[in-house]
Amino acid sequence: MDKRKRGFRGSIPLLILEICVLLIAVGVMYVVVTMTSEVNHKDIDEENIRINEEIVRKKLTDVKQSEKKEEVKKKGYRNIALFGVDARNGELGRGTRSDTIMIASINQDTQEIKLISVFRDTYLNLGNDSYNKCNTAYAQGGPEQAINMLNMNLDLDITDYVTIGFSGLIDAVDALGGVEIEVTDSEISHLNNYQLCMAEELGVDYIPVEQSGRQLLNGMQATAYCRIRYTKGDDFRRAERQREVLRAMMDKAGDAPVSTLTDMVNAVLPQVETSLDVNEILSVLGSVAGYNMTESDGFPFEGGRAGANVGSKGSCVVPVDLEENVRQLHQILYPEESYSPSSRIRQINEEIKTQTNEYLQ
């Protein structure tokens, strides 16, 4: 039972984060405008945010070259870090490990949104030259250190974040009237076991899923489906299930009335903390209303990662070649730009290899 409870905490935040991006993608401007006062705003000290100067200089050079060619000035990208934490006591800051780490990359010129999940057990520099599972960064230093961790290991320039607590997903799915999901025979027992775990923890009843096939799942059932990691594919297949539910929610939300979307937002926003103020939130939403989600993947990428028990750090996802993984990330996020990993990435890559090679044998 304890193992299943740990899984419960790990799977919920991802979908709540993606619901927020969903709201952007479907352009629910009216709903968001009326709800922004419920968002908890927290300033972060941007002077403490570390951005790789090599990347900044290259971007400035690219801008100057574009201006010389008299090209149309572009709005560019807006990258925002998304964190999901187990916030049962309402605390969204340091002291809590981030169960979910994502990057929402908004291309304001092509009207595309790309989501990249950074697997929480990925062995990386924590932003302070110590190495561990990357979700440790949020626990040690809150969103500031977690943002630094992302910038340092991925050659990014993130300065804003949104943190989401775990509660609200079940109500959000129920507010949509459930979602249609294809359930296999091998998934039924695990789905119902997770439902039992959640029902006991929350003090509510649940409805068992009794047959396989495509069917309408309620909030409890859909959340339990997202938690399954004991079938073929383990945690990586679980991430795919979470994306399946997201797509189903997007399909349902696309035809939903404002009142239904309002109920869904009500279930999420009280558990939100962000560095964006109300005007910034409205500005971001206003610029991306109607955008399409065109990419969704996990870092490190398939073929570029390995699992290993790294001594006292436990079971980790090791980027076997950080340089190549970061190069692939930039190809996804910025396909029109040339990119070479910075010297900092090369240093981190070598240190990861030094610390993990003996465990990968």
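Helices here are DSSP runs of H or I with at least four residues, numbered from the N terminus. In this predicted model, M149 is found in helix α4, which covers residues 136-154.

**The chain as a whole**

The protein chain holds 12 helices and 13 strands, and buried residues account for 54% of its 361 residues. Its accessible surface comes to about 16,100 Å², with 45% of that area belonging to carbon and sulfur atoms. Among contacts between residues at least 6 apart in sequence, 75% join residues at least 24 apart.

Leaving out residues up to four places away in sequence, M149 touches I101, L124, N125, L126, G127, C134 and A137. One of these, L126, is 23 residues from M149 in sequence, while the C-alpha atoms of the two are 5.1 Å apart in space.

Strand β3 spans residues 98-107 and includes N107; the strand is mostly covered, with 10 of its 10 residues buried. N107 itself counts as buried because its relative accessibility is 7%. The pairings of β3 are set out below.

| Strand paired with β3 | Residues | Bridges | Direction |
|---|---|---|---|
| β2 | residues 77-85 | nine bridges | antiparallel |
| β4 | residues 112-118 | six bridges | antiparallel |

On the β4 side, S117 is the bridge partner of M102. Strands β3 and β4 form a hairpin with four residues between them, and in that turn Q111 has a positive phi of about 60°.

**Nonpolar cores**

The largest nonpolar core has 42 residues, and V179 and I181 are those with the most contacts inside it. When neighbours within four places in sequence are left aside, V179 is in contact with V173, Q215, L216, L217, A222, V245, A248 and M249. Apart from this core lies another, of 41 residues, whose members include A81, L156, F301 and I345.

Notes:
Residues are numbered from 1 along each chain as its sequence is written. This is a predicted model: local features need pLDDT of at least 70, side-chain atom pairs count only at pLDDT 80 or more; totals for chains, interfaces and linings use all residues. Side-chain values use heavy atoms; hydrogens and water are left out. Helices (H or I, at least four residues) and strands (E, at least two) are DSSP runs, numbered from the N terminus. Contact means heavy atoms within 4.5 Å. Buried means under 20% relative accessible area, exposed over 50%, partly exposed in between (1.4 Å probe, protein chains only). Accessible areas come from the Shrake-Rupley method with a 1.4 Å probe; for residues, only the protein chains shown count as cover. A nonpolar core is a set of buried Ala, Val, Leu, Ile, Met, Phe, Trp, Tyr and Cys residues joined through side-chain atoms within 4.5 Å. Two strands pair if DSSP finds at least two bridges between them.
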